[in-house]
Amino acid sequence: MSYRNIMKIESLTLHHISMPLVAPFETSFGRETERECAIVEIKSEGLTGWGECVASYNPGYSYETTGTAMHILKDFIAPLILGKDIKDALDFQNRVEGIRGHHLAKAGVEMALWDLLGKREGKSLRQLFGGIRDKVEVGVSVGIQDSPEKLIETVAGFVKDGYARVKLKIKPGKDVSFAGAVRSAFPDIRLQVDANSAYSMNDADSLKPLDDLNLLLIEQPLFEDDIWDHHKFQAKFNTPVCLDESIVSPRHARYAIEMKACKIINIKAGRLGGLSQGIMVHDLCRENNMPVWCGGMLETGIGRASNLALASLPNFILPGDVSASDRYYKRDITNERFVLNSDSTIDVPTGHGLGVTVDEDALKSYTRERVGM
Ligand code: OSB
Ligand code: MG
């Protein structure tokens, strides 16, 4: 990581946007047809940095929502950085340390600061992070469908598109039989499931048949704030447990490693409070021989660019939930669109900073509220 430059923060603009998804996305906590987020725009010495706060309209994945994030960004984070000289991501983290939680809000600003840093230094985020890959392996996260037949049909479409790894969202009643049907239809595909905290330890026995489906991992079966029961769950399963929601800081990653609560961690910079924290979790897992992969939050081209840069680090061993732009949006807010290569990879951006430019007309057309400071 680079911690050299000083940036005078001259203005901060928040764009609360809502974008139609190409298809509804259903998880154990709800169904989305529109994706909301807050885009952060920071101006400093003639440059503009962009960031994406991935909080969505409802508190289903995280307690944060786009609404709470707008509030925390405007009333608490902005005053700590406006008109100030910010050295780097860690300097920013120190300044916002007194704000408890609200990691998604913090991460949106940290991303914009990285974009500015890269633009100032003439380097890509990948270069600033020390990433080793120019393209990263990716998969697709498939929402819950009405029937196993519909799920197989949806998965078949993505396999045809070239995705070599598929993640199935599961919930009670749509788990073992749905995943089993996909496994039978696609015996060789790399397959994994994500429960988004829909179960408790009482369900472990009924989920046990998942162990026979040759899955890469079972993601976040239990409560979003739990680590200990995941240890007990992991002890019952041969399939690696992967934690998403439960790992909200490098400290929590250490707890999970020490408690043997999982064998894999899904890294999302938003959930952890910023890209710097994502890199720390990556480094900690690497030292402990625990593979990681890059999670997704249905990002726009801005967040997608940052995920690709992060996933270029060496211990991102499993394919990420970073699919091509056309899997999410007909019209994105970046001029650049990300496409799937024939080997199920996506190229890591090479331009300065995030390496993407914003389509201001598209941004405006999706904006519900704009707050300039
Ligand atoms: O748990 O990984 C998750 C989307 C929203 C909230 C939580 C999750 C997800 C995904 C989508 O799985 C991954 C993607 O961006 O394609
Ligand atoms: Mg998840």
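I looked up the largest cavity and found 28 lining residues, with Phe 25, Lys 268, Gly 296, Met 297 and Leu 298 nearest its centre. I took a cavity as a set of points, on a 1 Å grid over the protein atoms alone, where a 1.4 Å probe fits but cannot get out, and lining residues as those with an atom within 4 Å of a point.

The model is predicted, so I note that local features need pLDDT of at least 70, side-chain atom pairs count only at pLDDT 80 or more, and totals for chains, interfaces and linings use all residues. Residues are numbered from 1 along each chain as its sequence is written, chains are lettered from A and ligands numbered from 1 in the order in which they are written, and side-chain values use heavy atoms, without hydrogens and water.

Around ligand 1 I listed 16 residues, of which Ser 141, Asp 194, Asn 196, Leu 298 and Tyr 328 come nearest (a heavy atom within 4 Å).

I checked polar contacts (N or O atoms within 3.5 Å). Oxygen atoms of ligand 1 lie 2.9 Å from a side-chain N or O atom of Ser 141, 3.0 Å from a polar side-chain atom of Asp 194, and 2.8 Å from a backbone N or O atom of Leu 298.

Key. A polar contact is a pair of N or O atoms within 3.5 Å; within protein, one must be able to donate a hydrogen and the other to accept it, and residues adjacent in sequence count only if both atoms are side-chain atoms. On a 1 Å grid over the protein atoms alone, a cavity is a set of points where a 1.4 Å probe fits but cannot get out, and a pocket is an open set with protein on both sides within 12 Å along at least five of seven lines; lining residues have an atom within 4 Å of a point.
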